[in-house]
Amino acid sequence: MKKMCVVLEDREIRDNPFTPDMFRIVRRYPLTNDVNFYQARPVDVEEALKFDYKPGQFVMMSLIGEGEAPFSLSSTPSRPGMLEFCIRNVGTLTSTLHGMKENETVGIRGPYGNGFPIDKMLGMDILIVAGGLGAAPLRSLLLYILDNRDQFGKLTYLHGARLPGEMLFREEFIQLKDREDLNCLLAVDKDDTGKWPYKVGVVTELFKDLGPVDGKNTFGVICGPPAMYRFVTPHLVKLGIPKHQILMTLERRMKCGVGKCGHCAIEYLYTCIDGPVFSYWDVLHMKEIIGRGVSDKTIA
Amino acid sequence: MMILKMKKEDLSTFLDAVKEWGELWGPTKKDGKVSFSKVDSLSQMDLKATRTIIPPKKFLYPPRFTMFDFDENGYVERTGDVPKRILFGIHPCDIHGVVIMDKLFLETYNDPYYRERREKTLLLGHSCIPDEKCMCIATDTDFIAEGFDLFFTDLKMSYLVWVGSTKGHDLIRMKPELFSRALDKSDILNYTAYRKWKNTQYKTMVDFTGMPDIFELGYSSQVWDKLGDKCLSCGQCSMVCPTCNCYNVVDDVELGSIEGTRDRFWDSCMFREYSLVAGGHNFREKRADRLRLWYTHKLQAYIGEFGKPACVGCGRCVATCPVDINVVTVADALKEQEVGK
């Protein structure tokens with residue numbers, strides 16, 4: 001038989017992994033008081049459809065003169081052409097970013113990180129638990145599953161925020177409640193408006209409304225503030241979800257994104273190349289992942 | 001590997017000849033301190049000196065350099081301004097350090113800045129005499145088989161020269177008449193005697209066997225808090241360690257413009273800001289946490305990943321730390337569960 005020759009992808013070979021490409025901000029609006037939503041696409045429009053990534057991956061974003069920081073992607077690769085971010089105004093770089101308008105440019109390189117193990121999650125039930133800004137990377141996964149709905153089993157999305165006004169993508173998620181192919185449950189810690197029609201209480205309260213869960217065939221996915229992992233993980237374990245099917249995506253300081261600068265090191269792993277998605281099993285045997293005290297006391 | 005023989009007195013001629021390839025650098029002593037300097041000839045070097053203050057990593061990965069020039073149109077990488085250098089007189093431990101750096105910078109993602117300097121720097125190793133702080137025998141880094149271009153073993157009357165790369169061989173070919181392939185029985189005996197003698201010279205004894213398990217057992221040990229109380233968080237250990245690769249990146253902008261440079265400089269996990277994320281959460285707020293990370297990385301994590309410690313036994317942390325925290329005292333403290341004074 002004649003051997004076929006291998007066709008190489010038509011892609012530029014990148015010699016310097018640290019060079020940012022210029023992207024144009026095409027849309028931006030506030031999601032809450034201090035979190036903005038951004039859409040960006042390559043200045044070179046030809047490149048827009050070539051930028052491929054996995055849900056759960058992140059990019060390094062540069063602002064001229066302000067430096068560089070990692071941001072998770074909120075958009076899904078199933079809707080290519082535009083990258084989406086939700087970014088909280090917390091530091092010098094993000095405060096400059098908040099002052100930027102449409103048509104201004106930023107540098108972006110990536111995507112980096114392992115992303116969610118989509119190939120292993122195919123055909124499984126998915127239970128997503130988002131807290132606060134944790135919705136940013138989880139929205140990517142949620143939309144990806146919705147766009148490939150028949151490839152996955154039961155889909156449940158739990159989202160907790162402090163106040164109704166602080167819930168990211170509030171209207172988008174409220175609309176999802178009308179869909180019959182997923183169970184979308186929303187909660188706020190406190191209802192200062194008096195008009196919140198859904199659950200009032202911490203995100204773990206939503207577990208009461210879950211109904212039956214087939215733990216062995218479920219992937220549980222968590223992202224939120226560090227303290228949230230402590231409260232949510234035991235609930236997922238109790239539902240019978242195996243430890244290697246409980247996933248969390250983490251935040252660390254990063255200066256390179258490619259495993260060189262050392263800042264995101266957790267023992268022998270780097271959050272940027274071995275993560276940011278880790279399993280609960282990783283957390284149990286690497287004490288530093290979530291912080292002192294979590295894995296010390298948890299034996300089950 | 002190709003091993004050649006050279007008369008002791010020919011070294012000077014050889015080094016004069018290879019300067020044609022690039023700048024010649026070697027260990028020099030000034031005010032009792034040893035460092036690598038640019039030299040004209042062998043006579044300016046001090047080959048008896050043990051360790052330089054800063055390891056040769058500074059040539060492959062300078063303390064501060066510019067990665068990009070930028071303006072509103074984007075980022076343009078700055079490469080190509082690196083001089084060609086020959087580093088003579090590097091000891092086995094430091095070459096082991098470079099081999100570890102190669103792993104960190106050239107595997108997975110290839111760092112073009114490190115690669116350029118690595119390709120333009122030839123490493124000419126030289127055998128050494130261990131002093132009271134050396135412990136390369138404990139880390140299995142007292143001899144070296146890779147990573148260098150040439151390696152000179154001093155056998156009193158002559159040199160045995162290991163040729164480790166094609167570039168090293170090119171240097172030999174600049175003065176082939178100085179080298180001989182004719183090794184005899186006495187060379188083997190002299191070399192064996194040298195190894196035996198070197199093994200008897202160590203004064204610092206440390207045992208890193210079982211370190212990954214001891215670290216795991218001692219994760220919550222109060223030893224870390226006690227060491228943390230002593231530690232000054234000065235970061236000198238990171239600067240002098242041949243296998244510390246961490247760096248920070250900052251943008252330097254000219255006042256009132258949007259032009260500037262993106263610079264990379266050495267960082268240390270001992271610094272408070274190292275693990276600080278936006279919003280003020282610090283994953284390693286306590287000095288004890290940061291100290292544990294440093295030593296976990298060298299003596300536990302790296303062993304778990306590559307089967308040997310990321311410590312090359314050079315003794316620089318022993319020589320440098322102002323409060324006597326180093327691989328020896330930390331390993332002992334963890335084993336004994338007691339911190340020395």
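**Notes on the two-chain model**

1. A hairpin through four residues joins strand 1 of chain A to strand 2 of chain A. For a landmark on this pairing, take A:Arg24, whose bridge partner in strand 2 of chain A is A:Arg41. Please keep in mind throughout that this is a predicted model.

2. Strand 2 of chain A has a further pairing, with strand 5 (residues 83-88) of chain A, again antiparallel and over six bridges. Here A:Ala40 stands opposite A:Leu83 in strand 5 of chain A.

3. On the domain level, chain A is divided into domain 1 (21-112) and domain 2 (118-249). The centres of these two domains of chain A, taken over C-alpha atoms, are separated by 24 Å. Their contact involves 16 residues of domain 1 of chain A and 16 residues of domain 2 of chain A. On the side of domain 1 of chain A that touches domain 2 of chain A, the residues divide into six nonpolar, seven polar and three charged.

4. A:Leu133 is worth a look. This residue lies in the loop between strand 7 (125-131) and helix 3 (135-147) of chain A. Is A:Leu133 buried or exposed? A:Leu133 is buried, because 24 other C-beta atoms lie within 10 Å and the cut-off for burial is 20 or more. Not counting residues up to four places away in sequence, A:Leu133 touches A:Val35, A:Arg88 and A:Leu168. As a distance check, the C-alpha atoms of A:Leu133 and A:Gly220 are separated by 18 Å, with the two residues 87 apart along the chain.

5. Now for the open sheet of chain A, in which seven strands follow the order 10-9-8-7-11-12-15 with mixed pairing. Strand 10 and strand 15 (277-279) of chain A stand at the edges with a single partner strand each, so one side of each has no neighbour in the sheet.

6. A:Lys199 belongs to strand 10 (residues 199-200) of chain A, and A:Ala187 stands opposite A:Lys199. With 18 other C-beta atoms within 10 Å, A:Lys199 is partly exposed. Leaving aside neighbours within four places in sequence, A:Lys199 is in contact with A:Leu185, A:Leu186, A:Ala187, A:Glu205 and A:Leu206. Between the C-alpha atoms of A:Lys199 and A:Leu269, which are 70 residues apart along the chain, the separation is 38 Å.

7. Moving to chain B, there are twelve helices and twelve strands. The radius of gyration of chain B is 22 Å, close to the 20 Å that the globule rule gives for 341 residues, so chain B is as compact as a globular protein of that length. The C-alpha trace of chain B spans about 65 × 60 × 40 Å along its principal axes. Buried residues account for 39% of the 341 residues in chain B. Of the contacts in chain B between residues at least 6 apart in sequence, 73% join residues at least 24 apart.

8. Chain B is divided into domain 1 (2-61 + 77-199) and domain 2 (211-336), with C-alpha centres 28 Å apart. The contact takes 21 residues from domain 1 of chain B and 17 residues from domain 2 of chain B. Which element gives the most to the side of domain 1 of chain B that touches domain 2 of chain B? That is helix 3 (residues 92-106) of chain B, with eight residues. By class, this side of domain 1 of chain B has twelve nonpolar, four polar and five charged residues.

9. Finally, the two chains together. Their contact takes 34 residues from chain A and 39 residues from chain B. The chain A side divides into twelve nonpolar, eleven polar and eleven charged residues. The largest nonpolar core has 160 residues, and those with the most contacts inside it include A:Ile128, A:Val129, B:Leu87 and B:Leu227. Not counting residues up to four places away in sequence, B:Leu227 touches B:Ala288, B:Leu291, B:Ile325, B:Val330, B:Ala333 and B:Val339.

Notes
Residues numbered from 1 in each chain as written. Chains lettered and ligands numbered in written order. Predicted model: local features only at pLDDT ≥ 70, side-chain atom pairs only at ≥ 80, totals over all residues. Helix = DSSP H or I, 4+ residues; strand = E, 2+ residues; numbered from the N terminus. Rg over C-alpha atoms; globule rule 2.2 N^0.38 Å. Buried ≥ 20, exposed ≤ 12 C-beta atoms within 10 Å, placed from the backbone. Contact = placed C-beta atoms within 7 Å. Nonpolar A, V, L, I, M, F, W, Y, C, P; charged D, E, K, R; others polar. Core = buried A, V, L, I, M, F, W, Y, C linked by C-beta atoms within 7 Å. Domains from an automatic or database assignment. Pairing = 2+ DSSP bridges.
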